[in-house]
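Subject: Structure handover

Hi,

Here is the structure for your review. My notes on what was found follow below it.

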Amino acid sequence: MVEHIVDAHSHLWLCQDALVDGKVVRTLRNGRSIFLDEEVQMLPPFMIDGVNSAEVFLSNMDYARVGAAVVVQEIIDGNQNEYLRDVQSRYPDRFFTMGMTEFRYGYDYVQGVNDVIALGFHGLSIPGHRLLSVPTSSDETCFTPLHLNSERMISVFKLLEDHDMILSMCLADDECQIREMAEVIQECPHLKIAIGHFGMVTTPSFRSQVLLAREGDNVMIESGGITWLYNSEFYPYPSAVRSIREAADLVGMERLMWGSDYPRTITAITYRMSYDFVLKSAELTDVEKSQFLGGNAIAFYGFRNLPSLPYIKNMSE
């Protein structure tokens with residue numbers, strides 16, 4: 001029996017407005033967005049105004065009986081610091097929101113991290129895979145990699161460590177950032193780190209990313225995006241369950257957390273489907289399901305006062 005379910009990887013935004021690698025991301029209508037210069041269905045079509053709000057997410061969470069969620073950021077959505085600070089203040093028991101800073105041309109990202117701290121955030125999102133090609137010009141025509149183990153980046157991680165912040169980090173889908181991330185973990189042993197997208201589970205770097213949890217006592221792996229990565233297989237995602245089992249065998253179930261990557265994944269499935277394939281699996285024990293789906297995230301992020309969410313019968317049942 002899983003007492004509490006917590007989502008360790010989700011997104012919220014009022015409006016998408018970003019430039020990534022010289023390409024546009026912009027909110028349209030009916031759940032669609034221009035994404036890297038291509039029109040895509042970013043949200044379910046009933047979210048007609050393009051606003052991905054906390055209130056709509058809370059309705060989904062209550063229906064799916066998810067007690068709390070961690071909200072991370074990605075530069076494709078634009079900076080949502082002001083909105084997420086407001087969300088955190090209004091729903092402190094339901095959300096743990098992450099701040100974000102710029103790493104592109106013309107920005108002092110160390111000062112940006114200090115600004116995030118000053119805003120009252122207790123976590124920082126860094127989409128690490130985006131650091132492989134950081135714009136070095138204002139028109140985003142020239143790019144260079146920003147290495148995680150550079151002196152200036154290490155100073156950022158130590159700043160987070162000193163302020164008891166949690167780092168949400170997604171890594172590239174190859175081996176290029178593994179050694180750098182291992183060095184960060186060794187340099188900042190008290191920094192709590194959540195590695196996202198389940199180590200890019202369908203790529204060759206999966207095992208190496210998961211094994212980073214062995215490098216330090218405060219490193220977790222969260223599964224945000226796992227249903228996207230196994231989208232071609234689709235529900236009930238038997239390969240995803242086997243990957244969760246494999247990761248648990250590598251580092252222990254106590255180092256793994258469920259994440260949905262809401263709302264992008266619910267264009268293909270419902271929010272509840274993003275976790276109940278785990279709940280219904282015979283390959284995991286009840287204790288392992290309780291750890292993965294909520295217990296580990298509650299301990300890692302410090303959630304308290306989670307609501308008791310009753311089952312509401314569907315009209316069609």
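A polar contact of 2.8 Å links the side chains of Glu-102 and Arg-104. (A polar contact is a pair of N or O atoms within 3.5 Å; within protein, one must be able to donate a hydrogen and the other to accept it, and residues adjacent in sequence count only if both atoms are side-chain atoms.) This is a predicted model: local features need pLDDT of at least 70, side-chain atom pairs count only at pLDDT 80 or more, and totals for chains, interfaces and linings use all residues. Residues are numbered from 1 along each chain as its sequence is written, and side-chain values use heavy atoms, with hydrogens and water left out.

Glu-102 first. Glu-102 sits in the loop between strand 7 (95-97) and helix 3 (109-118). Helices (H or I, at least four residues) and strands (E, at least two) are DSSP runs, numbered from the N terminus. Glu-102 counts as buried because its relative accessibility is 18%; buried means under 20% relative accessible area, exposed over 50%, and partly exposed in between (1.4 Å probe, protein chains only). Beyond its neighbours within four places in sequence, Glu-102 is in contact (heavy atoms within 4.5 Å) with Tyr-107 and Tyr-109.

Next, the cavity. The structure holds one cavity of 30 Å³ or more. Its lining has 15 residues, and Ile-75, Phe-103, Arg-104, Arg-130 and Leu-131 are the closest to its centre. About 140 Å³ of space lies in the largest cavity. Strand 2 (17-20) and strand 9 (134-135) each supply at least two lining residues. By class, this lining has eight nonpolar, two polar and five charged residues. Ala, Val, Leu, Ile, Met, Phe, Trp, Tyr, Cys and Pro count as nonpolar, Asp, Glu, Lys and Arg as charged, and the others, Gly among them, as polar.

On method: a 1 Å grid over the protein atoms alone is used; a cavity is a set of points where a 1.4 Å probe fits but cannot get out, a pocket is an open set with protein on both sides within 12 Å along at least five of seven lines, and lining residues have an atom within 4 Å of a point. Grid points are joined across faces, edges and corners, and a volume is the space filled by probe spheres set on the points.

The largest pocket has a volume of about 680 Å³. Of its 33 lining residues, Ile-76, His-197, Trp-228, Asp-261 and Arg-264 are the closest to its centre. Strand 8 gives the most to this lining, with three residues. The lining of the largest pocket holds 16 nonpolar, 12 polar and five charged residues. The second largest pocket has a volume of about 310 Å³. Its lining has 13 residues, with Val-2, Glu-3, His-4, Arg-65 and Leu-309 nearest its centre.

Best wishes
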